[in-house]
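I am opening a notebook on a structure that is new to me, and I will write down what I look up as I go. The sequence and the model come before the entries.

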Amino acid sequence: MAVETLTSIPLASLPKLSQGKVRDLYSLPDEKTLLFVTSDRISAYDVILKNGVSSKGQILTLLSAKWFEVLAAGVPGLKHHFLQLGPPSTAGVITAEERSMLRGRSMTVRRLKIFPVEAIVRGYVTGSAWAEYEKTQTIHGLPQPAGLARCEKLPQPIYTPSTKAEIGEKDENISPDEARKIVGDKYAARIEELALACYNAGAAYAEERGIIIADTKFEFGLDEETDEVYLVDEVLTPDSSRFWSKADYQVGREQDSFDKQVLRNWLTANGLKGKQDVEMTPEVVEKTRDRYLEVYKLLTGTTMEETLKSIQE
């Protein structure tokens with residue numbers, strides 16, 4: 001039986017605060033928590049595709065929940081916004097039909113002030129970093145060792161932030177110094193420290209399971225009452241990270257990725273990069289979904305379907 005693809009979330013019981021490329025954000029009655037709901041929408045090159053990828057919202061949500069657990073254990077002092085999968089169990093918050101629809105694709109999180117930067121960490125020279133390095137031997141303007149090959153591991157992971165753009169606009173690569181001007185010295189230092197620590201812990205965990213995390217994007221928020229920085233949003237998913245097979249990895253060439261690379265390659269090959277109202281072919285949808293499901297199983301040790309069965313509606 002075909003799995004329904006939810007590109008819009010029919011949730012009327014809660015006030016919607018915002019809608020991003022993939023997630024919808026709702027206010028909860030206690031006003032201290034929010035409901036993150038992940039749709040099956042997919043974006044590439046900062047553009048949302050016309051159709052979605054079934055089960056994608058559940059894959060991203062359940063994988064993020066796993067990573068919050070892993071990183072909390074592996075990064076001393078790390079605080080994160082994740083409280084529980086799904087909405088609060090309090091009767092009357094949402095309808096039974098809505099609760100069923102949200103199964104596996106929503107999580108209750110702390111309400112925090114979000115910093116307007118993307119905390120990108122790169123462990124390998126690939127993608128836009130490789131394009132820049134080929135020309136200038138820099139990445140985000142930061143000088144790098146001479147002689148690096150395509151997809152080679154960097155001597156140490158580097159923090160390369162970007163702006164956090166509104167829907168319809170593009171994120172812009174910025175230097176760590178520029179990030180400091182946006183969020184302030186104190187918070188910039190903590191964000192960089194946590195981003196690197198989370199990458200290192202995540203990369204070590206993934207490598208034990210046969211996956212290389214080439215680069216990834218983190219987001220952080222501030223608890224204004226305690227003045228503490230929290231890890232927020234999605235974490236180390238195929239939407240926010242570049243995953244490679246450790247067994248197939250080879251320096252000097254592009255790698256086969258467990259992420260959106262199937263979609264990016266198709267868009268580029270067909271002259272559709274950055275264009276609006278593009279509909280993926282069934283083959284691209286299926287290949288992308290298969291890649292997401294495969295890396296989910298490798299990283300968690302279980303299938304997404306098995307995880308869903310363990311979650312009570």
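Within what distance do the axes of α1 and helix α7 come, and at roughly what angle do they cross? I am working from a predicted model, and in it the axes of α1 and α7 (residues 282-300) come within 11 Å and cross at roughly 20 degrees. Angles under 35 degrees count as roughly parallel, so I noted α1 and α7 as roughly parallel to each other, and I recorded their crossing as left-handed. I then listed the residues that make this contact, which are Lys56, Ile59, Leu60, Leu62, Leu63, Lys66 and Trp67 on the α1 side, with Tyr292, Leu293, Tyr296, Leu299 and Thr300 on the α7 side.

I looked next at α1 (residues 56-74) and α5, whose axes come within 10 Å and cross at roughly 110 degrees. The range 65 to 115 degrees counts as roughly perpendicular, and α1 and α5 are therefore roughly perpendicular to each other, with a crossing that is right-handed. Here I found Lys66, Trp67, Val70, Leu71 and Gly74 of α1 meeting Cys198, Ala201, Gly202, Tyr205 and Ala206 of α5.

Returning to Trp67, and leaving aside its neighbours within four places in sequence, I listed its contacts as Gly202, Tyr205, Ala206, Ile213, Val235, Leu236 and Leu299.

Entry on α6. I looked up which residues of α6 are buried, and they are Gln261, Leu263, Arg264, Trp266 and Leu267. The elements that cover them include β4 (43-44), β16 and α7. Just after α6, I noted that Gly271 takes a positive phi of about 65 degrees.

Is His81 buried or exposed? His81 lies in the loop between α1 and β6 (82-85), and I count it as buried because its relative accessible area is 2%. A polar atom of the His81 side chain lies 3.1 Å from the backbone nitrogen of Asp233. Beyond four places in sequence, the residues that His81 touches include Phe36, Phe68, Tyr230 and Asp233, and also Thr108.

Entry on Gly252. Where does Gly252 lie? I placed Gly252 in the loop between β16 (241-245) and α6 (261-269), and I call it partly exposed because its relative accessible area is 48%. Not counting residues up to four places away in sequence, Gly252 touches Ala149 and Arg150. I also looked up its separation from Cys151, which is 101 residues apart from Gly252 along the chain, and the two C-alpha atoms are separated by 6.2 Å.

Definitions and conventions:
Residues are numbered from 1 along each chain as its sequence is written. This is a predicted model: local features need pLDDT of at least 70, side-chain atom pairs count only at pLDDT 80 or more; totals for chains, interfaces and linings use all residues. Side-chain values use heavy atoms; hydrogens and water are left out. Helices (H or I, at least four residues) and strands (E, at least two) are DSSP runs, numbered from the N terminus. Buried means under 20% relative accessible area, exposed over 50%, partly exposed in between (1.4 Å probe, protein chains only). Contact means heavy atoms within 4.5 Å. Axes are lines fitted to C-alpha atoms, for helices over the stretch in contact, and angles run from 0 to 180 degrees between N-to-C directions. Angles under 35 degrees count as roughly parallel, over 145 as roughly antiparallel, 65 to 115 as roughly perpendicular and the rest as oblique. A crossing is left-handed if the near helix is turned anticlockwise from the far one by less than a right angle, and right-handed if clockwise. A polar contact is a pair of N or O atoms within 3.5 Å; within protein, one must be able to donate a hydrogen and the other to accept it, and residues adjacent in sequence count only if both atoms are side-chain atoms.
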